[in-house]
Amino acid sequence: MKVGIPAEIAPTELRVAATPKTVKRLQKQGFEVYIQKNAGQKANFSDKEFEEAGAKIVNTAAEIYGNSDIVLKVKEPSVEEVNMMKPGLVLLSYLWPAQNQDLLKKLAEQKVNAVAMDAIPRISRAQKMDVLSSMANIAGYRAVIEGSFHFGRFLNGQITAAGKVEPAKVLVIGAGVAGLASIGAANSLGAIVRAFDTRKEVAEQIESMGAQFLTVEIEEDGATASGYSKEMSKEFIEAEMKLFSEQAKEVDIVITTAQIPGRPAPKLWMDYHVAAMKPGSVIVDLAASTGGNCAFTKNGEIFTTDNGVTIVGKLSQLPNQASQLYGNNLCHLLDDMGKADKWKIDMEDAVVSRAMVTYDGKINWPPAPLQVSPTAGGGAKKAAPPTAEEIKISDEAKAKKTAISTLISLAVVGGLLLFVGAFAPPAFIQHFTVFVLAVFVGWQVISNVSHALHTPLMAVTNAISGIIIVGGLLQTKNDINNIMTILASVAILVASINIVGGFVVTHRMLKMFKK
């Protein structure tokens, strides 16, 4: 099967649907790869790199659309591009089907089987194909870099000979993939990070990333079964606006990420919030392309308001990195569709059936609903916490089970010792008893210690290993064939591995605290 990659014709689109690395992967999947001349130029991939990776360079888009079985693309195709597509062609591309009904009709008329990469359902199995998450991750990271650049100050706090530098305060609105990426980047740069989201379920994720979770005193959850936020009540929005007004006076950088598929972005940062911000503050609006979360955002523009607040409405796509991640997403989907050998359009598959927006000359949109959040939208309810009586009964049952297990183990060990003692010499029995008890006690200690305490326990085992090495050295003799020397050598080797392993783990732990 032939996979074609055309050059993107939109002047603002810098990405390409394949990179030299993904071309090699496509070939391993059994595909022949054809790429249009200069398709990767804007993302810093030369034709020579693609040729070295095994792709064949063609001169025109017509050759790609006319000869390929599968076309990989970034932006939705124009009418002219659709006219060049042959019937039965499989197109993998951004399509935004909710906003592009005319394009869907055109693709269906052309009998193109089109997969909207932006319609991949956000379920666990499809995470590797989720282009929205891949691109949002890049945007979230870049938002902090852009915000820091326009802020013009350190993000981290410093105490220098010249004076003390206060850390910057960053507010992230929306804790999806982009929001969490922003929180992680801002936190790693040393800023004080706060985050707001209407979905209560993301509070733990926000706090685990090192940010403070902001919320309002109203018991209402914005989570939905689709994984996106729902529209909140009037009372919640009023409380939310009040919270933002308080934060506007304090924070230095605001990063907004809230978007609703198929609809304009909700307005969250109003004119009075901008007016309350300090001069030099920055707003980075990741929803600029769909209208923006800030009332003043201008898509594709960066400007400063009269009170000195810079509003960023465009970000670099980081085309080289974005192309690589997008290409990986496409390869994962082709993997799931059987590669070249077992290629199949399986409309029973939950992912393919929902992303295949045109199939066999028909429009397949909107798709059937698919719940992705088990705790929202009427999904599974949380189990009620156990009562004190239930906890007591459970603890007693566990203690009884442990006691029985210990007694059985001791009985087995005793029986084994008696059996060996009936035949072995007394000197052997003494050493064997110590060995068996050491194994038994060691097993009990390790298995009954929680994982969090294994590292401190490692210090104890290292000390014991040192004793074993000393004992082993005392038992070695100047005879390599002596059984005692062999056993002692094995003991020294095992104890040494334990000690070296302890040092390696300790080194890794110390690296976690290095900046």
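In which loop is the place of Asn38? Asn38 sits in the loop between strand E2 (32–36) and helix H2 (47–53); helices (H or I, at least four residues) and strands (E, at least two) are DSSP runs, numbered from the N terminus. Phi of Asn38 is near 65°, a positive value in a residue other than glycine.

Before going on, a word on the model. It is a predicted one, where local features need pLDDT of at least 70, side-chain atom pairs count only at pLDDT 80 or more, and totals for chains, interfaces and linings use all residues. Residues are numbered from 1 along each chain as its sequence is written, and side-chain values use heavy atoms, with hydrogens and water left out.

Let us turn to the helices. Two packed helices are described by the angle between their axes and the distance between the axes. Start with helix H6 (residues 131–151) and helix H11 (residues 319–336): their axes come within 9 Å and cross at roughly 160°. Axes here are lines fitted to C-alpha atoms, for helices over the stretch in contact, and angles run from 0 to 180 degrees between N-to-C directions. That makes H6 roughly antiparallel to H11 (angles under 35 degrees count as roughly parallel, over 145 as roughly antiparallel, 65 to 115 as roughly perpendicular and the rest as oblique). H6 passes H11 in a right-handed crossing, meaning that the near helix is turned clockwise from the far one by less than a right angle. Val131, Ser134, Met135 and Ile138 of H6 make the contact with Gln321, Ala322, Leu325, Tyr326 and Asn329 of H11, where contact means heavy atoms within 4.5 Å. Six of these contact residues are nonpolar, three polar and none charged (Ala, Val, Leu, Ile, Met, Phe, Trp, Tyr, Cys and Pro count as nonpolar, Asp, Glu, Lys and Arg as charged, and the others, Gly among them, as polar).

H6 has another partner, helix H7 (residues 177–188), and here the axes come within 7 Å and cross at roughly 35°. This crossing, too, is right-handed. On the H6 side the contact includes Gly140 and Tyr141, and on the H7 side Ala181 and Ser182 are among the residues. By class, the contact of H6 with H7 has nine nonpolar, four polar and no charged residues.

H11 also meets helix H1 (residues 20–28), with axes that come within 9 Å and cross at roughly 10°. That makes H1 roughly parallel to H11. Lys21, Thr22, Arg25 and Leu26 of H1 take part, with Cys331, His332 and Asp335 among the residues of H11. This contact divides into three nonpolar, five polar and three charged residues.

The peptide bond from Trp365 to Pro366 is cis, with omega near 0°.

Finally, helix H14 (426–447), helix H15 (454–475) and helix H16 (483–512) each supply at least two residues to the lining of the second largest pocket. H14 gives the most, with 13 residues. The lining divides into 22 nonpolar, eight polar and no charged residues.
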